[in-house]
Amino acid sequence: MHQYSQGKFTTQGHKGIPEGHFEEEQGRKGFFGPVSHLIKPQPSTRWNNIEGPLRPHLYDLVEMAKSHGQWQRILFNSDVTISNYWLKPSDPTHAKAFRNADGDTLYFVHKGSGEIFTEFGLLKYKTGTYINIPKCVTHTLLPSEECQFLVIESHTSFYREPERGMVGRNAFYDPTSFGKPSLDEMHARMKEIGFSALEIQIKRNKEITRFTYNENVYDTVGWKGDFFPVTLHISDLMPLMSARVHLPPSAHTTFAANGFVVCTFLPRPLESDADALKVPFYHQNIDYDEVLFYHDGNFFSRDNLHAGMITFHPAGFPHGPHPKAVKNIGNKTHTDEVAVMVDTWQNLNVDPSLEKVELKDYWKSWMK
Ligand SMILES: [Fe+2]
């Protein structure tokens with residue numbers, strides 16, 4: 001389709017919005033498809049009531065009863081399952097190994113630190129680490145303190161690096177910054193702590209099958225190839241920004257998979273051009289359900305949020321910054337929030353257990 005415009009419009013999206021007006025982006029395929037910017041005297045988030053399933057949701061995972069060692073499902077569809085996972089240190093002597101035959105597992109470490117033993121070697125993690133364990137890679141997480149993970153399971157594809165297009169292969173993060181497994185370190189650590197895994201629990205179709213052995217299953221003496229687990233820490237992510245114009249959330253894509261993407265929002269300077277929009281733009285997420293997990297910092301575009309909360313914005317619902325954020329932006333030069341976003345093509349379902357930790361009035365938070 002060719003470009004067309006009527007009435008008041010701006011020649012550059014997210015910039016030079018006429019005084020007293022708001023811009024709303026309506027676009028397909030996230031931020032990659034056909035798109036228009038509508039100029040309106042009031043934001044579309046000025047509803048006085050919402051009835052029906054498109055109400056946005058806010059859940060406080062801090063209030064969720066801890067079930068150590070169990071993945072507590074939060075949101076899911078046929079491509080992805082997002083779970084909350086608490087783990088505490090225990091006797092490592094015969095800690096069990098786990099193999100996920102239901103998909104690739106991306107653990108995001110919200111709290112804590114520890115080691116991951118895998119058939120490919122030892123990996124280490126701390127708060128802010130993504131751990132990417134490909135489908136069926138046998139692994140054991142040994143935490144050195146109580147840990148909380150956001151587990152993002154990809155059921156229909158492996159995780160890929162985002163397409164970086166014209167900014168090149170090293171943009172956002174350099175592939176060299178992936179943490180690689182070390183076999184030598186793993187064998188040394190197993191000896192040091194007396195760890196020998198004699199059981200593998202394999203999850204397939206959400207059911208566990210137990211395979212038991214007489215000898216340690218972590219016995220690899222060498223390997224080659226391009227299929228192996230890695231880590232990526234948020235301190236190795238270099239957020240893209242433009243001094244002149246607000247970049248869309250897709251600029252923060254960290255991993256891509258079939259049917260969804262994982263993005264990381266990190267502290268960064270705000271746009272410096274006087275006429276540049278400095279808060280996230282109002283938009284309708286026409287094609288994607290949006291999930292945002294608040295990891296750390298001050299979440300300036302929303303009121304009354306704390307780390308460990310998660311929001312779910314179903315596709316079809318227009319959203320943008322809260323009125324207070326729009327007002328307060330004048331004094332800010334930087335964002336200092338860290339959040340993980342999962343945008344999904346297929347509709348997400350909410351696990352019934354979340355009902356207990358929902359803040360029911362969230363949908364009102366855009367109302368003045
Ligand atoms: Fe959004």
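Begin by selecting Phe 108, Ile 152, Val 291, Ile 310 and Ala 339, which touch the most other members of the 64-residue largest nonpolar core. Such a core is a set of buried Ala, Val, Leu, Ile, Met, Phe, Trp, Tyr and Cys residues joined through C-beta atoms within 7 Å; buried denotes 20 or more other C-beta atoms within 10 Å of a residue's own, with C-beta atoms placed from the backbone. Because domain 1 (31-59 + 239-366) and domain 2 (66-234) both give residues to this core, it lies between them. The domain bounds come from an automatic or database assignment.

The model is predicted: local features need pLDDT of at least 70 and side-chain atom pairs pLDDT 80 or more, while totals for chains, interfaces and linings use all residues. Residues are numbered from 1 along each chain as its sequence is written.

Next, centre on Phe 108. Leaving aside residues up to four places away in sequence, Phe 108 touches Tyr 130, Phe 149, Leu 150, Ile 152 and Val 340, contact meaning C-beta atoms, placed from the backbone, within 7 Å.

Now colour the two domains separately. The C-alpha centres of domain 1 and domain 2 are 28 Å apart, and their contact takes 30 residues from domain 1 and 25 residues from domain 2. On the domain 1 side, elements giving two or more residues include strand E16 (253-257), strand E20 (289-298) and strand E23 (334-344); strands are DSSP runs of E, at least two residues, numbered from the N terminus. Select E16 in particular, as this strand supplies the largest share of that side, 5 residues.

Terms used: A residue is buried if 20 or more other C-beta atoms lie within 10 Å of its own, exposed if 12 or fewer, and partly exposed in between; C-beta atoms are placed from the backbone. Two residues are in contact if their C-beta atoms, placed from the backbone, lie within 7 Å. Helices (H or I, at least four residues) and strands (E, at least two) are DSSP runs, numbered from the N terminus.
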